[in-house]
Amino acid sequence: MANTKITREDALAFHLEPTPGKWEINATVPMTTQRDLSLAYSPGVAVPCEDIAANPELAYDYTNKGNLVAVISNGTAVLGLGNLGALGSKPVMEGKAVLFKRFADVNSIDIELDTEDVDAFCNAVKLMGPTFGGINLEDIKAPECFMIEQRLKEEMDIPVFHDDQHGTAVICAAGLINALHISGKKIEDVKIVLNGAGAAGIACIELLKAMGARHENCIVCDTKGVIYQGRTEGMNQWKSAHAISTDLRSLEDAMKGADVFLGVSVKGAVTPDMVLSMADNPVIFAMANPDPEITPEEAHQVRVDAIVATGRSDYPNQVNNVLGFPYLFRGALDIHARAINDEMKIACAHALAQLAREDVPDEVAMAYGKKLTFGRDYIIPTPFDPRLIHVIPPAVARAGMDTGVARRPIVDMDSYELGLKTRMDPTASILRGINARARANQNTVVFAEGDDPRVLRAAVQYQRSGFGRALVVGRAKDVKQKLEAEGLGDAVRELHVVNAANTDHLETYKDFLYDRLQRKGHDRQDIHRMASRDRHVFASLMLAHGHADGMVTGATRKSAHVLELINHVFDAGPHDGAVGVTALLHKGRIVLISDTLVHEWPDENDLADIAERGAEVARTLGLEPRVAFLSFSTFGYPVSERAEKMHRAPDVLDARGVDFEYEGEMTVDVALNTKAQEAYPFQRLTGPANVLVVPARHSASISVKLMQEMAGATVIGPILAGIDRPIQICSTVSTVNDILNMAVLASSTAK
């Protein structure tokens with residue numbers, strides 16, 4: 001988004017914490033007993049080894065080869081940074097590896113080869129072939145990248161794909177299919193001008209020719225002008241293949257009457273006059289990064305009929321490689337492909353083009369803050385479209401099977417698509433949905449504890465990430481010192497610091513508080529002290545008077561104490577309908593635990609209230625609630641008076657006629673494990689519970705902290721539900737990211 005700002009300090013902290021780098025390796029099998037080790041290693045491992053030696057195809061069954069891609073570079077053309085060398089490229093390659101995992105659940109390892117010698121590079125990659133299901137080449141300068149890819153394709157029996165070339169080409173082709181559709185033109189008739197004859201440019205024009213563009217209609221330009229037949233200066237065999245017979249010599253000449261401009265060159269290469277000279281409904285893909293050859297504003301100023309795409313996320317129609325490479329490899333790996341061929345790339349482009357023409361899901365529209373519909377400003381799907389994972393790989397797989405590169409064709413395509421739908425971590429889309437709503441809402445969130453550096457960093461990130469406005473309760477001088485100590489001195493002018501000394505509303509706040517507390521043992525002096533000196537109370541008063549839309553607190557004080565202070569301003573007690581709901585995210589699953597904050601020892605009516613609040617929070621997060629009342633007993637056994645209230649709570653919900661699934665009392669394994677649920681065929685849950693109502697606050701606290709410490713679960717909450725303003729209470733061990741998540745949640749739920 002346009003107003004997102006990332007500083008040097010943000011970037012370094014992200015790569016340093018919680019551990020250096022961006023990924024780690026975890027075992028997928030148990031590794032605890034001697035038997036486990038004997039099966040994982042000697043002697044048990046000998047059995048699959050012998051079988052694979054006899055039949056190499058079995059490597060896809062008994063090893064991780066079938067879902068493992070190597071991201072390989074020598075660092076000679078890193079992003080827009082040039083030749084940083086192998087080691088300098090490692091952060092980018094790690095980043096590419098995590099994108100594979102995030103978008104298509106492809107395991108990926110980055111490998112940096114310290115050589116600029118083509119033979120040495122190819123030999124190294126070829127020798128690693130047995131390890132991987134595919135090779136993704138990255139950030140290798142031209143013309144070596146052409147030689148390396150061509151040679152490895154010929155010598156290896158797994159897909160070899162240079163993303164800088166073909167990733168850009170596929171997304172460019174997808175956008176062009178739709179741009180030509182809108183402008184009523186056919187690819188075989190249009191005049192195409194390409195500026196930039198490097199890896200990406202050559203790949204773009206080659207793919208478009210494979211899709212029907214005519215050689216004589218395609219004019220390729222580089223820094224020395226048009227590539228024409230007979231030109232000798234600055235030529236190589238890859239450029240020569242696209243030389244045409246023409247009298248045109250400059251980009252300016254070539255642009256006259258052109259239908260399509262493709263730019264993979266430099267900022268400012270295209271002038272408004274050039275755009276003016278193009279044919280009706282010109283298509284301009286200005287893909288230079290970080291700044292395009294011409295901005296959409298400049299192009300539209302002279303040609304309102306232009307369809308413009310860039311490489312940037314803050315303009316419509318972003319040509320983003322992440323729409324292509326994860327899904328191309330997902331489809332290729334799933335058929336155990338020998339290669340990724342042109343037909344697979346073209347199938348990917350057509351599938352992307354078709355997806356852009358379909359109705360856009362609400363969560364995508366929210367992420368952009370507007371409803372997206374197919375047209376001049378929406379010809380390419382967005383990277384966060386949840387349909388990409390189950391639409392693109394099947395199209396790629398079908399093309400691979402049709403062209404004979406599949407070792408193991410997919411027999412049941414419907415089942416394959418269903419598997420892809422359920423393959424991705426649902427917590428990612430839940431968090432993305434929360435982020436999208438917050439970004440669309442643009443709410444003001446007050447951070448109560450401006451004396452804590454973590455809170456200040458979270459407030460800065462909230463604002464710089466484009467979620468809205470951050471207010472910090474604190475003293476300006478203190479905030480300035482702490483930000484400077486954190487290396488964020490430039491953020492001092494961005495944050496708005498508020499306190500009792502600089503607000504015009506203190507008397508209003510005090511009158512409001514006195515009206516609430518005068519019969520609860522507090523005199524005017526107490527009220528003044530509370531409103532002017534306690535940050536939690538002051539922030540709550542701001543929220544109550546509409547001077548902020550949401551509030552985050554709790555990073556410096558125990559949550560029970562914070563709740564006590566909030567209660568001075570809001571009705572957030574056990575009998576006011578307030579409930580604390582904590583979200584636990586772990587290994588692709590999300591469960592909500594209630595009540596973690598308000599009720600010490602709830603009775604069956606309280607438990608029913610807690611269940612209703614938990615269900616509301618679940619729906620806010622995009623979950624269809626399934627509530628389980630937890631106990632150490634299941635449906636009356638073993639008998640205990642301690643379990644009685646959990647047994648009776650579902651009866652209370654029966655009488656209320658609520659509109660969500662619930663069941664109990666039950667042990668946690670029955671609640672979460674569908675296999676365990678089969679032993680009780682009468683129970684009413686249609687799947688694992690996602691809202692767990694526990695007997696008391698102490699059991700809730702123990703459960704959350706145990707999951708956090710032993711399993712490494714991500715904790716969001718407690719989310720204070722049941723009051724009409726979003727107040728999120730962090731734990732004292734919260735990281736900057738945890739606090740930011742709470743602020744985003746507060747913003748996303750603010751009315």
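Analyst: **A buried loop residue and what lies beyond**

Let's start with Asn-317, which is buried at a relative accessible area of 5%. Bear in mind that the model is predicted. Asn-317 sits in the loop that runs between strand E10 (307-310) and helix H15 (325-334). Its phi is positive, near 60°, even though the residue is something other than glycine.

One joins Asn-289 to Pro-290, with omega near 0°, and Pro-290 is in the loop between strand E9 (283-286) and helix H14 (296-302). Another links Ser-42 and Pro-43, where omega is about 10°; Pro-43 is found in the loop from H2 to helix H3 (46-54).

Val-29, Met-31 and Leu-37 make up a nonpolar surface patch with about 250 Å² of accessible area together. Val-29 is in the loop between helix H1 (8-16) and helix H2 (34-40), and its 47% relative accessibility puts it in the partly exposed class.

Now for the inside. The largest nonpolar core has 102 residues, and Ile-135, Leu-262 and Phe-285 are the ones touching the most other members. Helix H9 (residues 163-183) supplies the largest share of that core, 10 residues. Ignoring neighbours within four places in sequence, Ile-135 has contacts that include Ala-70, Ile-72, Val-125, Met-156 and Phe-329. Another core lies apart from this one, with 59 residues, Ile-430, Val-627, Leu-740 and Val-744 among them.

On the charged side, the structure has 49 salt bridges. Take Glu-94 and Lys-90, whose side chains pair up at 3.6 Å, N to O. They're 4 residues apart in helix H6 (residues 90-104), so about one helical turn separates them. The general rule behind this is that an α-helix has 3.6 residues a turn, so residues three or four places apart point the same way. Glu-94 is buried at 12% relative accessible area, while Lys-90 is partly exposed at 28%.

A second bridge pairs Lys-96 with Asp-163 at 2.6 Å, N to O. Lys-96 lies in H6 and Asp-163 in H9, so this pair ties together parts that are 67 residues apart in sequence. Both partners are buried.

Arg-407 and Asp-157 form a further bridge, 3.1 Å from N to O. Here the link spans 250 residues in sequence, because Arg-407 comes from the loop between helix H18 (388-402) and helix H19 (413-423), and Asp-157 from the loop between helix H8 (144-155) and strand E4 (160-162). Arg-407 counts as buried at 17%, whereas Asp-157, at 48%, is partly exposed. There's also a network: salt bridges with shared partners connect Asp-10, Arg-464, Asp-490 and Glu-494.

Glu-494 deserves a zoom. You'll find it in the loop between helix H22 (476-485) and strand E13 (496-498), partly exposed at 28% relative accessible area. Leaving out neighbours within four places in sequence, it contacts Lys-5, Gln-463 and Arg-464. Its C-alpha is 8.3 Å from that of Gln-463, 31 residues away along the chain, and a 2.9 Å polar contact connects its side chain to that of Arg-464.

Arg-457 is in helix H21 (residues 453-464) and is buried at 19% relative accessibility. Its contacts beyond four places in sequence are Ala-13, Glu-17, Glu-486, Leu-488 and Val-736.

Last stop is helix H25 (residues 535-544): 9 of its 10 residues are buried, so the rest of the structure largely encloses it. Arg-535, His-536 and Phe-538 are among those buried residues. After the helix comes Gly-546, whose phi is positive, near 75°.

Key: Residues are numbered from 1 along each chain as its sequence is written. This is a predicted model: local features need pLDDT of at least 70, side-chain atom pairs count only at pLDDT 80 or more; totals for chains, interfaces and linings use all residues. Side-chain values use heavy atoms; hydrogens and water are left out. Buried means under 20% relative accessible area, exposed over 50%, partly exposed in between (1.4 Å probe, protein chains only). Helices (H or I, at least four residues) and strands (E, at least two) are DSSP runs, numbered from the N terminus. Patches are made of residues with over 30% relative accessible area and no salt bridge: like charges are joined within 9 Å, nonpolar side chains (Val, Leu, Ile, Met, Phe, Trp, Tyr) within 5 Å. Accessible areas come from the Shrake-Rupley method with a 1.4 Å probe; for residues, only the protein chains shown count as cover. A salt bridge is a side-chain nitrogen of Lys or Arg within 4 Å of a carboxyl oxygen of Asp or Glu. A nonpolar core is a set of buried Ala, Val, Leu, Ile, Met, Phe, Trp, Tyr and Cys residues joined through side-chain atoms within 4.5 Å. Contact means heavy atoms within 4.5 Å. A polar contact is a pair of N or O atoms within 3.5 Å; within protein, one must be able to donate a hydrogen and the other to accept it, and residues adjacent in sequence count only if both atoms are side-chain atoms.
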